[in-house]
Amino acid sequence: MKKLLLFLCFLAIGSLMANAKIKPTQLTCEYLKNPSVVDFQQPRLAWINVAGDDERGQLQTAFQIRVATTKDQLQNPDLWDSKKVESDASTRVEYDGDKLASRQDCWWQVRVWDKNGEVSEWSEPAFWHMGLLNENDWQAKWIGVPWQGEEALPKPGRNLGGDGNRLQELPPPAPLFRKEFSASKQIEKAVAYVTGLGYFEMYLNGEKVGDDVLVPNQTNYGKRPGLPGQFIPVDDNFREYKVMYLAYDISDEMVSGANTFGAILGNGFYNPAKHWDLGYGSPRLLMQVHITYSDGTEDVIVSDESWKVSKSPILMDMVFYGEHYDARLEQDGWCSPGFDDSAWENAVLRKAPEGKLMAHTAHPDKVYETLEPIRIEKMYNGNYKVDFGVEISGWVRLKNVEGPEGHKVEINYMSNTFSGDNSYIFKGEGKENYAARFNWFVFREVEIINWPGVLEPENICAEAINTYIEESADFETSNPLFNEVNKIWKRSQTDNMHGGIASDCPHRERSPYTGDGQVACVTVMHNFDAQNFYYKWIQDIIGAQNVETGYVPNGAPWQPGCGGGVAWGAAVNILPWEFYMHYGAKDMLVEAYEPMKEYVRYMQTWVDDEGIMYSQRVGLNGEVLRWFNLGDWVTPGDLPADELVHTFYFWRCADITAKTAALLGNNKEAKKYAELAEATKQAFHKRFFDAEKGTYGNSGANIFALKMGVPEAEYQRVIKALKENIKKNKGHLDTGIFGTQFFFEVLTENGMHDLAYEAMNKKEEPGYGRWLTLGATTSWENWDTGGSHNHPMFGGGLVWLYRQLAGMQADEEIPGYRHIIFHPQPVEEMEFAKYYNKTPYGQAGIKWQQDEGKLNVDITVPVGCTATVILPGADFVADENEGVKIVSQAQNELVLEVGSGTYNFSN
């Protein structure tokens, strides 16, 4: 009884001490919630502080972190107690405790002190698990199957249509692997470290382990000697090669006594057999399971030649060609104890890829959404057409269906571009279920061919698959077209996120184009919590750099079908900078600075004596190859001159590199690159400005010039020329993917907000609205109907909706939304606009609403952040004066400064 009273007393004291008006929530490690595997010796931790609804100006003044090997030990942490640290940092806080060991569990909590010096309660516990940190920790061997050799399937010719979409030389069926093991003691903990190339699924005691699909993430797995001989020839001299492995805690799935480990391998991008790509080898598996018993002893199960292998019912799986499945070949119980595997063969050893094994501290692909049919139609030929309402990348799942043994059903995925064949042969023994495993398809509708009986809605659904990413923003306006444009772009973006990269299109090429990635990245960050996604992909882009020349290819991980040019490689400068701007992670700039400099060095090899960059890289025949040297892409009319676009991106990369150097304290190099950027700007003006016509040209040329900054003496002439061109185009844009990124914001920033609105609001070609009038549910590759109908690259221009129309921007001087600039810019045609997003410090956002000349503005500023509020007029009043400071007041503009909290302003 005394102990109980003492405990209650301590609880009461603790609650009295925790008087802070803020509390830490949403703990993450390496941008992940409770990551299952981490191999950084000093993982970076983060949390988001939240305050009560009525709190203003709140901020964190100190924090304390504690880390322990078990959850129970947190009150007396055995790994790290930071003690009280006077700091407002709540992102990318480095672990600084005892050295972490391989396979170590790490539980952690944080508490914070508010602006009044009051301490919060401890947060809810969070977790991370350390991977295998040393090369010699790996005892497992890479294994494959004896009916395949080491080599990848031969690469077919460059044929794009008809039977060229079908592979002539098919691979053998996907292999099954199994290993039995008997646990003679009580199991305390069991963790499997596993990877398989190209894709794998792990099984234990008859059940699939984990809810991920299409793993591991795509990386540059190893050396490919054939790369220099491809159509787009690139030396195999990259900065990094790596293979990602996952960790699964299988403690609850293992039992005392007999257990069986299983795996299925798919070809993936390791063995693609496509002219766009170049393979690495045949499928192979690596698995190492550590089992800890309650008495402290351990067993280690490793993949080796003792594993048994057989062929699966997956007759063919190829990431570009589809999947065929024959249920008659299923071997019931193949991954369960007691199965008779006497007819199975032994696995064979495979060469280890050259890539370094690295922890999969990144989101995998998952089933992102399940869609039910909105319409099922029986066609004239007896087949069924099923409509799921929107175009997705994923697959169809057949549920509880019946058919006679040997009956073959084909699933024809309907989009404007082929994405693979799919068929299923019934086993004929009751209700059956099926979905593809190692390929995704692109479709809104499917045609089900040769269905046995009546297809009911409950028998079929569609599963959208993509790299897991959380939608973080809420954007809405009174203009339905803007809402729908944003919606279809988001769908296209997630359709193109697989394997921790963003592709150009999810069907035809499926390739990680760096140019498409950099031009849309700001829009992605304005709609999704993309911290973990881009951290992984930026490492891929840095890793794809040529260590000798500094060249960064058009895709990363590199695939030799990726055509592009200067703006594609510029992703190595642009993506880290935009990541820093949006998330405030200075360590990203530290990692990217040398690669930035190296790419600028490469660019300089194409700069002439007048300071103009014009890349003319040659192909195998010694002649200039267009697919190395693109400028802008898919304008509705003529393209701007390639050398103009090259020089613009040379300026942009030099400018970013200069700013990065300054932030990192390297003032000498900051001056060097700033002078280079300025000289490039002057050279751009001298070469491309037409003094007689007062213009740099159309198709985005004037847009690029204004983005750089034009001489004051010529500014009004350039503005006049731009307006005239837009008028000539009946208010439409005339830009390609790179010009479109800047088009709308450049107009608004230069006093043409009305023209930006008009162009964004167009329903005719060229314009986003044209796709909607044609029934699109995703964004397209071209302004017209040609090409792919699932391309997110034109999304770059949509940032205007959030930053200019709604009016919320990060401040370059204090990035990561630590300081926010709210500048609503209403237009007469609209009643309201709102934009809220989850920043590294919590939700920030704005909503403006206007009615009969009155404007009402609501803003939200996260804990620890400040904001400048720029209102269109001097006659605004705040709901309360607390925390609101007037910075300046003029007839047409009121500028305020506020701290964290929610505010309302109206005139």
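The numbered points below concern a predicted model.

1. Helix pair α3 and α4. Helix α3 (residues 514-525) and helix α4 (residues 531-543) have axes that come within 13 Å and cross at roughly 160°. The angle is over 145°, so α3 counts as roughly antiparallel to α4. The crossing of the two helices is left-handed.

2. Residues at that crossing. On the α3 side the contact is made by Thr514, Gly517, Cys521, Val524 and Met525, and on the α4 side by Tyr534, Trp537 and Ile541. By class, the residues of this contact are 6 nonpolar and 2 polar, with no charged residue.

3. Largest nonpolar core. This core has 156 residues, and the members touching the most others are Tyr534, Phe579, Tyr649 and Ile859. One of these, Tyr534, also belongs to the α4 side of the contact with α3. Helix α8 (residues 642-663) gives the most to the core, with 11 residues.

4. Surroundings of Tyr649. Neighbours within four places in sequence are left aside here. Tyr649 is then in contact with Val566, Ala567, Ala570 and Ile574, with Phe738, Gln741 and Phe742, and with Gln518 and Met603.

5. Second core. A separate core of 71 residues is also present, and Val37, Val191, Tyr434 and Val442 are among its members.

6. Helix α15. This helix (residues 799-806) is mostly covered, with 7 of its 8 residues buried. The buried residues are Val799, Trp800, Leu801, Tyr802, Gln804, Leu805 and Ala806. After α15 comes Gly807, which has a positive phi near 100°.

7. Cis peptide bonds. The bond from Leu197 to Gly198 is cis, with omega near -5°. Gly198 sits in the loop between β11 (187-197) and β12 (199-204). The bond from Ala556 to Pro557 is cis as well, its omega being near -5°. Pro557 is placed in the loop between α4 and α5 (566-569).

8. Positive phi at Ala273. Although not a glycine, Ala273 has a positive phi of about 50°. Ala273 belongs to the loop between β16 (257-266) and β17 (284-293). Is this residue buried or exposed? Its relative accessibility is 2%, so Ala273 counts as buried.

9. Positive phi at Asn400. Asn400, not a glycine either, has a positive phi of about 50°. Asn400 is part of strand β27 (residues 384-401). With a relative accessible area of 44%, Asn400 is partly exposed.

Definitions and conventions
Residues numbered from 1 in each chain as written. Predicted model: local features only at pLDDT ≥ 70, side-chain atom pairs only at ≥ 80, totals over all residues. Heavy atoms only, no water. Axes fitted to C-alpha atoms, helices over the stretch in contact; angles between N-to-C directions. Helix = DSSP H or I, 4+ residues; strand = E, 2+ residues; numbered from the N terminus. Parallel < 35°, antiparallel > 145°, perpendicular 65-115°, else oblique. Left-handed = near helix turned anticlockwise from the far one by under 90°. Contact = heavy atoms within 4.5 Å. Nonpolar A, V, L, I, M, F, W, Y, C, P; charged D, E, K, R; others polar. Core = buried A, V, L, I, M, F, W, Y, C linked by side-chain atoms within 4.5 Å. Buried < 20%, exposed > 50% of the residue type's maximum accessible area, 1.4 Å probe, protein only.
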